[in-house]
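Colleague: Hi! Could you walk me through this one? I'd like to ask a few quick things as we look at it.

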Protein chains: 2
Amino acid sequence: MSHPSHSRKARQQENNRNPERENPAILFDLDGTLLDSNYEHVAAWRQALREEGLEIPDSRIHRCIGMSGRLLVRTLFAEKGKVAGPRMVDRLEKLHQRNFRKRISSVQPLPGARQILAFLSGRKIQWAIATGGDQKTVGQMIKPLRVPESSPVITADHVRHAKPSPDVFLEAAERLGFALSDCIVVGDSVWDLLGARRAKALGVGLLCGGYGAAELEQAGAYRVYKDPLDLLNHIGELGVQPT
Amino acid sequence: MSHPSHSRKARQQENNRNPERENPAILFDLDGTLLDSNYEHVAAWRQALREEGLEIPDSRIHRCIGMSGRLLVRTLFAEKGKVAGPRMVDRLEKLHQRNFRKRISSVQPLPGARQILAFLSGRKIQWAIATGGDQKTVGQMIKPLRVPESSPVITADHVRHAKPSPDVFLEAAERLGFALSDCIVVGDSVWDLLGARRAKALGVGLLCGGYGAAELEQAGAYRVYKDPLDLLNHIGELGVQPT
């Protein structure tokens, strides 16, 4: 990790003097964490892989959602003893994107997603979205979440490496002027928790993306909640003042 | 449980004298265990529930796949603080069935499903399918599995109570002339393992339905394998002679 820039250092010093910044900042994953989109991603990838002649069980695709598309394709090909070259990766990512965009209109926020974001904003607790999705798709998807200007939305387009690299979390923390050790990463996949661990942030898991609790705990989740609503109801457990 | 019928007792006595029956019998769940159909069931239920105005996260629906439709509807309604009356249950089951049937053509066997069934038949090890699905849908779905006459296919239509009641396993064991304590139940959901436990059969879990390993182990799985192929490769661990 590089030295903090002057502006970041200045912001961090300011934070230390600001009682409103006594709370940690919260970095949310998007798919499966705030939006009920994982199973639509599985269907979109299955269709894409099938178009290229690869049969992969849905549960295996599911366990790769939250990785970058490139890593997902390479991982699933490798499991079949195949190698996905750059053109194949590119073609499959485009097919997935096309299939997924057709499904966006049926994606709904998860229980409590809007409420927890409004709660944090109302209490001036800093938060951001840090996702592996592309800018265009994410822009369409987050409309129902009503994200205010003050909350950055970091996508794969902002960083060199998508999850499980910690780059999106690093970028999000920097935008908020927080050290990563003062951030909580909330995600539904082991890739979020691996990224959190590599970024030295506290990881919290949500079950609403379809992973089991033990999978998230084994990946390093400090706590596991059912969905954003359950997280909001237990926010004190994360060191956030609930009222 | 009632006393065994004379014919069953006779068959069991015959089994004890038959060296081919030294191996246990294997009772397979269908959805998520032999066929990659769970995520299609999730989509079909989501669509049905949405048509009746109920928004339920996909991961919650997923965790109820393998229950009877009636129990699934009642459970998901109860979680929302609502009560599903018999008419609502009936309407939702019909909607789900209609939605799912449109998707059957895209359902594929899971890796190793055909191989393990052929292996067992070839070695004259008794096996059956014991599923919560309805006769008509199951009849269409199992075609690619090439089930021989000698292997019974027990559906919800054959029993009074679907899983997690042990009725389908009891019926399957009876048809094979085996005591349930000499049967292995192979399933992907905690409902299969709960049924196995209630039936005093040995439960084995498969990950290919999308549950996590710890979820299956906590529900009583003696072993957890990736998919039918992985089970076939480790069949000796279940006390079945592999060659």
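Colleague: Let's start with strand β1 of chain A: which of its residues are buried on each side?

Modeller: Keep in mind that this is a predicted model. On one side of β1(A), residues 25-28, you have Ala25(A) and Leu27(A), and on the other Ile26(A) and Phe28(A); all of them are buried, and both faces of the strand are covered.

Colleague: Switching to chain B, what's the strand order in its sheet?

Modeller: The order is β3-β2-β1-β4-β5-β6, an open sheet of six strands with parallel pairing. Strands β3 (153-154) and β6 (223-225) of chain B are at the edges with a single partner strand each, so one side of each has no neighbour in the sheet.

Colleague: Which helix lies across β1 and β2 of chain B?

Modeller: That's α6(B), residues 113-122, which runs at about 155 degrees to β1(B). Helix α9(B), residues 190-198, packs on the sheet too, touching β4 and β5 of chain B, and its direction makes about 170 degrees with that of β5(B).

Colleague: Is His41(B) buried or exposed?

Modeller: Buried, because its relative accessibility is 10% and the cut-off for buried is under 20%. His41(B) sits in helix α2 of chain B, residues 38-51. Its side chain makes a polar contact with the side chain of His96(B) at 3.0 Å. Leaving out residues up to four places away in sequence, His41(B) touches Asp31(B), Ile65(B), His96(B) and Phe100(B).

Colleague: Last topic: where are the domains in chain A?

Modeller: Domain 1 takes in 8-37 + 108-238, and domain 2 is 38-106. Their contact takes 20 residues from domain 1 of chain A and 17 residues from domain 2.

Colleague: And what area is buried between them?

Modeller: About 1500 Å², with carbon and sulfur atoms giving 47% of it. Of the area that domain 1 of chain A buries against domain 2, Ser37(A), Thr137(A) and Trp191(A) supply 29%, more than any other three residues.

Note on methods
Residues numbered from 1 in each chain as written. Chains lettered and ligands numbered in written order. Predicted model: local features only at pLDDT ≥ 70, side-chain atom pairs only at ≥ 80, totals over all residues. Heavy atoms only, no water. Helix = DSSP H or I, 4+ residues; strand = E, 2+ residues; numbered from the N terminus. Buried < 20%, exposed > 50% of the residue type's maximum accessible area, 1.4 Å probe, protein only. Polar contact = N/O pair within 3.5 Å; in protein donor to acceptor, adjacent residues only side chain to side chain. Contact = heavy atoms within 4.5 Å. Pairing = 2+ DSSP bridges. Axes fitted to C-alpha atoms, helices over the stretch in contact; angles between N-to-C directions. Domains from an automatic or database assignment. Buried area = accessible area lost by both parts, 1.4 Å probe.
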